[in-house]
Amino acid sequence: MAAPPRSIIVRFFEQLGELSLLAGRTFRSFFQKPREGKIFLQQLEEIGLRTLPVVSLTAAFGGLVFGLQSYYGFHKYIGQGSEAYGGPIIAVGLVRELIPILVGLMVAGRVGSSMAAEIGTMRITEQIDALFTLGADSVRYLVAPRTAAAFLMLPCLTLFGDLIGILCAEFYNVVLMGVNKTVYWRNTVTYLDLWDVGSGLVKAAVFGVLIAIIGCWQGLETEGGAEGVGRATTRAVVIASIIILISNFFLSELLPSSL
């Protein structure tokens with residue numbers, strides 16, 4: 001029997017409160033000692049270096065398909081020869097919107113699920129209870145270093161993805177379709193502002209915090225053995241992906257178009 005609407009709403013706000021409390025404890029842990037430097041470095045490698053192949057492939061084909069659609073849009077609706085002026089539109093669309101979202105979704109699928117599974121396994125095997133018994137703060141030990149690493153690495157991955165995406169879009173237009181290379185790059189450099197890149201990096205940093213907090217939250221809430229770990233992993237990816245798409249809209253509204 002389906003739960004009544006009121007209980008669903010109450011549960012939603014309960015979970016929102018739990019997530020907010022965890023986020024608050026995590027941010028406070030950044031300014032408290034001791035800091036878990038070893039775990040932080042491990043997470044930098046896990047989130048950054050080991051995610052590069054996925055980000056590279058995603059950004060490459062994102063740039064190619066965006067370049068393809070831009071080329072045919074200019075060719076069909078503006079006329080032959082106008083394709084060289086699509087460079088700025090492609091670059092701005094990639095760095096402000098497409099690449100940060102794609103990187104966020106890929107990291108949510110790869111890293112967010114890993115965080116939920118790892119911490120969830122620790123939860124059901126009572127390792128987190130053992131940490132509490134030893135006087136360790138599970139949030140400072142588990143959540144804070146992962147959140148800090150995601151906050152730093154998501155913009156780095158996004159910047160790398162921006163470069164790959166722009167170069168692949170240029171490859172499609174200039175090399176495959178014969179667009180004038182000089183005009184293409186001159187317009188791209190002229191109209192692409194530094195803030196266009198910066199706004200995408202701000203979004204990526206926010207996405208990184210959201211992915212880490214949600215993944216760790218689902219891990220800490222795990223119960224029910226191996227099946228519970230599977231549910232927590234799935235919820236972490238789904239919730240993080242939805243929150244990324246929702247928050248992207250509001251960040252696009254809040255961030256100025258230029259500085």
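Helices (H or I, at least four residues) and strands (E, at least two) are DSSP runs, numbered from the N terminus. I started my notebook with that rule, and then I read the chain from end to end: the pattern is α-α-α-α-α-α-α-α-α. I counted nine helices and zero strands.

**Ground rules**

I am working with a predicted model, where local features need pLDDT of at least 70, side-chain atom pairs count only at pLDDT 80 or more, and totals for chains, interfaces and linings use all residues. I number residues from 1 along each chain as its sequence is written, and side-chain values use heavy atoms, with hydrogens and water left out.

**Entry 1: the whole chain**

I looked up the overall extent, and the C-alpha atoms fill a box of roughly 70 × 45 × 35 Å, taken along the principal axes. Next I checked burial, where buried means under 20% relative accessible area, exposed over 50%, and partly exposed in between (1.4 Å probe, protein chains only). Of the 259 residues of the chain, 45% count as buried.

I went to Thr188, which I found in helix α7. Is Thr188 buried or exposed? Thr188 is buried, because its relative accessible area is 4%. I also took a distance from Thr188 to Gly17: they are 171 residues apart along the chain, and their C-alpha atoms are separated by 45 Å.

Thr222 came next, in the loop between α8 and α9. With a relative accessible area of 4%, Thr222 is buried. From Thr222 to Gly67 I noted 43 Å, C-alpha to C-alpha, for 155 residues in sequence.

Lys33 sits in the loop between α1 and α2. Its relative accessible area is 66%, so I wrote Lys33 down as exposed. Lys33 and Leu49 are 16 residues apart along the chain, and 27 Å separates their C-alpha atoms.

My last stop was Glu126, in the loop between α4 (87-124) and α5 (127-133). Phi of Glu126 is near 65°, a positive value in a residue other than glycine. Glu126 counts as exposed because its relative accessibility is 52%.

**Entry 2: two helix pairs**

Two packed helices are described by the angle between their axes and the distance between the axes. For my notes, axes are lines fitted to C-alpha atoms, for helices over the stretch in contact, and angles run from 0 to 180 degrees between N-to-C directions.

How do α2 and α6 meet, and at what angle do their axes cross? The axes of helix α2 (residues 37-47) and α6 come within 8 Å and cross at roughly 40°. I therefore call α2 and α6 oblique to each other (angles under 35 degrees count as roughly parallel, over 145 as roughly antiparallel, 65 to 115 as roughly perpendicular and the rest as oblique). The crossing of α2 and α6 is right-handed (a crossing is left-handed if the near helix is turned anticlockwise from the far one by less than a right angle, and right-handed if clockwise).

I then turned to α4 and helix α7 (residues 181-191), whose axes come within 7 Å and cross at roughly 50°. That angle is why α4 and α7 are oblique to each other. I noted a right-handed crossing for α4 and α7.

**Entry 3: two pockets**

I needed some terms here. On a 1 Å grid over the protein atoms alone, a pocket is an open set of points where a 1.4 Å probe fits, with protein on both sides within 12 Å along at least five of seven lines, and lining residues have an atom within 4 Å of a point. Grid points are joined across faces, edges and corners, and a volume is the space filled by probe spheres set on the points.

The largest pocket has a volume of about 420 Å³. Among its 17 lining residues, I found Leu16, Leu19, Ile214, Ile239 and Ile243 closest to the centre. The elements that give two or more residues to this lining are α1 (5-29), α8 (194-220) and α9 (225-254), and α1 gives the most, with seven residues.

I sorted the lining of the second largest pocket into six nonpolar, one polar and five charged residues.

Notes
Ala, Val, Leu, Ile, Met, Phe, Trp, Tyr, Cys and Pro count as nonpolar, Asp, Glu, Lys and Arg as charged, and the others, Gly among them, as polar.
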